[in-house]
Amino acid sequence: MAKKVKSVWVEEYRPKSIREMALPTAKVSGHKVDLAEDLTKFVKNFFKEMKKINAENRIIRVHNRTASEKERKEEVKIAPENAAVLLEGPPGIGKTSIVFALANDLNMEVIETNASDTRTRDALENKLRETVKSRGIMDFVTQSKEKLILIDEVDGIYGTKDRGAVPTILDLIQNTQFPIIMCSNEYKQSLQPLYNKVRKFEVYPLSDEEVIKIAHNILKKESITTLKRSDLDLIIKKNNGDLRGVINDIQGIAQGSTEVDNKDLIFTLHRDTTEEIFALIRDLFQNVSTLREARDLTDKSDVDYNFLYKWVNENLISFIKINKEIANAYDNLSLADEVFGRIRRNQYWALLPYFYDLFAGGTSLAQSRKTSGFRRVVFPRYVVGGAFSLTNAERSLIEKINKTYDISQIEAIQDFIPFLKILCSTSRRQLKNVSDWLDLDAKEKKLLK
Amino acid sequence: MNNEIPIWRIKYIPKTLDEVCGREKIKERLKNIIKQGNFPHLLFVGSEGIGKATLASLFSKEFLGIFYDANFKLIYANVPLTEEERQLARSEAYVSKSKIGSIAGRRITTPAFIKVKVKPFVQLKVLGDTPFKILIVKNFETLGSNQQGFRRLMEIYGSNCRMILITTKISGVIDPIVSRCQLFLISQVDLNSFKELMNKIAENESLEIEDGSIEILYKVSNGKISRAIDLLQLSSISGKKITKNMLYEVAQKFQNDLVGSLLLMTLRGDFPKARELSRNIISNYKYNPHELFNLLLNELNKLPLSKFARIQLINLIADADFRALDGIDNDIQISALLSKICLFSEHLS
């Protein structure tokens, strides 16, 4: 029998000190850094700066009290890069843990907000504003701990210029009395104002060896011997650097009966979203027969709908073969895309129900007869273009052309380079002539073939 | 010669205003302006690729003389800003200090394009001994609503910097801009001057041109001189004698008829293949959906269809273009149009 467990292991084994945890590698604008050292330095530096600024402000305030309107000075504010940092990396690699361990090391209290429940500007403001701006009266009396503010899952915040929370966060950073650490999973365009202001640590997943070490440690402490080495390897491989996922899986297996084949369990426990999407797409096109079912399917899945409708677009034609039905499905899908565009641009979230029904029900129910049997589901292909974007090779080729021939990037791509391609395809000598003249390297030459 | 330019269209690019092929009247007008040493803002209108920008830049070169490098700039309105440029524009936005009125507490931003590309140049003082600087804006109509930002700029900085706006569609330029400019309608090159130029190139490259093939070249290249020179170069590769057949053959290879075959493929009703081809086109030529739909529309006009079928197809394209305006995923919008044309083709036969 497996040992009975009281709490979630992920919480139980959250590292207490930053020195004892396995630190993931981190980079700041491409250069490797020591995360523990840099963050400690950042927090210490913050309080040093803050002390200086508060002293300055005190003088200014005294001055302002007596000065006339014109002579008043503005209070000094802390520079944003000293007030906040951003940790960016895939889920489950220890971003939040680092912050808690750091706070523990420095004897600080963490005030945490995760954006998944406080998504709007008001909620964020209510929760943080007062903490950030002022120190409580009692703080001076009781000599309570310093605070560290953690804004988790920043990328879950809906941000547009006017209504979103990004300006609020920027405002918080400007007026904070405590250091702020933010965590985010991926690059988001709407967070660009934040990236401009604060230092961004890119955090990379732990190596498999590190994960194995930690897993062994936990297994030893829980005295579990039933987990085979090969199964552990499988779990680690499937989680792909996600330490939290590994620990959760181990716990799941340890809590379950050991009589069952562990392999099956691993697969069922596993939260692989791609697998889930594959199954979901097949379900959507092969099993759904009413609108309600389609809606249930999309509601229940925790796949980002942002993604999901691109999957529908990519895989629609492997399920629907009749032109009339394809056209119907695409009519709905393109309308869904239009609706979604309006939602995103103008924040008309009230339109979201139409979007769901159109892209899921609208495509699935366009078929008169369901296909049966196995159909291949593929990843949505990323199609370059639309927003005019050049590859590096294309860009350097155009730069070289521009030395002798003044032509815009668009003209070059649509008019001049196609001509060069035809010219170079006629004979090898032509290709050599052109590449000698422009002094091309191998990659650029390839563009002309 | 070893360091000879292997591309003829660059080799034979005109170096002075006189060398520009044809268009005598316009050249005369421009030369008069140079003599007088003063001109208002200019608006050059003419179809695609006939040499408006070449005329404008050569004109500025001769007008500014030795101070050309410091006082001249050519910007392309349709090339999107890079990420750095956009950041630069954003960092200069500020929050209004005003407490009343509609701008109270608002973020004030000027269009990024104007902020980054235009303003720094027009605000800088003239360097050297010329009356003003010259700014050329190519493809002006693609600026859309950003054109509004030019209105005041042209007045405030007009004495410091004159602009030459170049556009293919005058209907795309807003009225206040048109009224601030002197209009230059630039026509296609006439056949006689075209012949002269081609004969000159042939002589230089020691080619032999068959009678009547220059007329064909003129027709095929559609008034675009650079395209005509390209065609000449391509057909010269196989031999020094240029014949009509050869020109036709080369022109076929050259013409970008991928969009045409895309339309034919969809009209045959093969959706998966058509989608594959459309993705290829998009990734090679970087068209945005609007451009692709426009090209499809052009191809549509070449096909022998009944007027009912034609208007139905135009209806479909217009609808798709309209949706793509608001949509996010270009691929979906393009696929949607293709699937609808595929369906339509079934009724056709």
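A salt bridge here is a side-chain nitrogen of Lys or Arg within 4 Å of a carboxyl oxygen of Asp or Glu. In this predicted model, local features need pLDDT of at least 70 and side-chain atom pairs count only at pLDDT 80 or more, while totals for chains, interfaces and linings use all residues. Residues are numbered from 1 along each chain as its sequence is written, chains are lettered from A in the order in which they are written, and side-chain values use heavy atoms, without hydrogens and water.

Over all chains, the count is 28 salt bridges. One of them joins R199(A) to D38(A), with the closest N and O atoms 3.7 Å apart. R199(A) lies in strand β7 (residues 199–203) of chain A and D38(A) in helix α2 (residues 35–66) of chain A, so the partners are 161 residues apart (helices, H or I of at least four residues, and strands, E of at least two, are DSSP runs numbered from the N terminus). R199(A) is partly exposed at 30% relative accessibility, whereas D38(A) is buried at 15%; buried means under 20% relative accessible area, exposed over 50%, and partly exposed in between (1.4 Å probe, protein chains only).

Strand β7 of chain A also holds K200(A), which pairs with E88(A) in strand β3 (residues 84–88) of chain A, 112 residues away. E88(A) is buried, with a relative accessible area of 12%.

## Size of the interface

Chain B gives 54 residues to the contact and chain A gives 58, contact being heavy atoms within 4.5 Å. The two chains bury about 5200 Å² between them, 58% of it from carbon and sulfur atoms; this is the accessible area (1.4 Å probe) lost on being put together, summed over both parts. In chain B, K286(B), D326(B) and I328(B) lose the most area to chain A, together 14% of what that side buries.

## Charged pairs between the chains

Between chain B and chain A there are 10 salt bridges. D331(A) and R323(B) form one of these, at 2.9 Å between the closest N and O atoms. Both residues belong to a salt-bridge network that also includes E338(A), R342(A), R345(A), D319(B), D326(B) and K340(B).

E411(A) and K138(B) meet in another salt bridge, at 3.0 Å from N to O. This pair runs from helix α19 (residues 409–426) of chain A to strand β5 (residues 133–138) of chain B. E411(A) is partly exposed at 28% relative accessibility, and K138(B) is buried at 13%.
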